[in-house]
Amino acid sequence: MTTCHHRPALLAALAIGLTGCGDSSCSSALRIGMTPGEVIAVCGSPRSISVSVYSKDRSEQWAYHGLPFPKLYVYIDNGKLSAWQTEP
C-alpha cells in the first residue's frame with residue numbers, strides 16, 4: 001500500500017548519495033513544518049537527496065531505502081517538511 005501526503009509539484013534535478021540510517025517508527029513521527037534537522041533527529045541521514053531550485057524556491061526529496069525502511073521519501077520545501085510518502 002502506498003501512502004502519499006500532498007506536496008508542491010517540483011521536480012528533482014540533482015542527486016547526492018548519502019548513507020541512510022534510522023528506525024522504522026520514523027514516518028509516524030514526521031510532522032508537516034519540521035526543519036531538516038528535526039527530520040534527521042527522527043529518521044537519521046537519508047540515503048540520497050535530490051535538490052531542485054526554481055527562482056527563490058528550493059525543493060528537496062530525501063530517500064530512505066532498505067532496512068529498516070520499506071521505502072520512505074521525505075519532501076523538504078524552502079527549509080520545511082512539506083510531505084512524505086512510503087512504499088512497501
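Colleague: Among contacts between residues at least 6 apart in sequence, what share joins residues at least 24 apart?

Modeller: This is a predicted model, in which local features need pLDDT of at least 70 and side-chain atom pairs count only at pLDDT 80 or more, while totals for chains, interfaces and linings use all residues. Residues are numbered from 1 along each chain as its sequence is written, and side-chain values use heavy atoms, with hydrogens and water left out. Contact here means heavy atoms within 4.5 Å. Among contacts in the protein chain between residues at least 6 apart, the share that joins residues at least 24 apart is 53%.

Colleague: In what order do the elements of the protein chain run?

Modeller: Helices (H or I, at least four residues) and strands (E, at least two) are DSSP runs, numbered from the N terminus. The protein chain has two helices and six strands. From the N terminus on, their order is β-β-α-α-β-β-β-β.

Colleague: How many bridges join β3 to β4, and which residue of β4 stands opposite Ile-49?

Modeller: Two strands pair if DSSP finds at least two bridges between them. β3 and β4 run antiparallel and are joined by seven bridges. Their hairpin has two residues between the strands, and Ser-55 takes a positive phi near 55 degrees there. The residue of β4 opposite Ile-49 is Trp-62.

Colleague: Which residue of β5 stands opposite Gln-61?

Modeller: β4 also pairs with β5, in the antiparallel sense, over seven bridges. Opposite Gln-61 in this pairing stands Tyr-75.

Colleague: Which residues does Leu-81 contact, leaving aside its neighbours within four places in sequence?

Modeller: Leu-81 is one of the residues that touch the most other core members. With those neighbours left aside, its contacts are Leu-30, Arg-31, Ile-32, Gly-33, Met-34, Val-39, Val-74, Tyr-75 and Ile-76.

Colleague: Is Ala-63 buried or exposed, and what is its relative accessible area?

Modeller: Buried means under 20% relative accessible area, exposed over 50%, and partly exposed in between (1.4 Å probe, protein chains only). Ala-63 lies in strand β4, and beyond its neighbours within four places in sequence it contacts Pro-46, Arg-47, Ser-48, Leu-72 and Tyr-73. Ala-63 counts as buried because its relative accessible area is 3%.

Colleague: With which side chain does that of Asp-77 make a polar contact?

Modeller: A polar contact is a pair of N or O atoms within 3.5 Å; within protein, one must be able to donate a hydrogen and the other to accept it, and residues adjacent in sequence count only if both atoms are side-chain atoms. Asp-77 belongs to strand β5 and is buried, at 10% relative accessible area. At 2.8 Å, the partner is the side chain of Ser-59.

Conventions. A nonpolar core is a set of buried Ala, Val, Leu, Ile, Met, Phe, Trp, Tyr and Cys residues joined through side-chain atoms within 4.5 Å.
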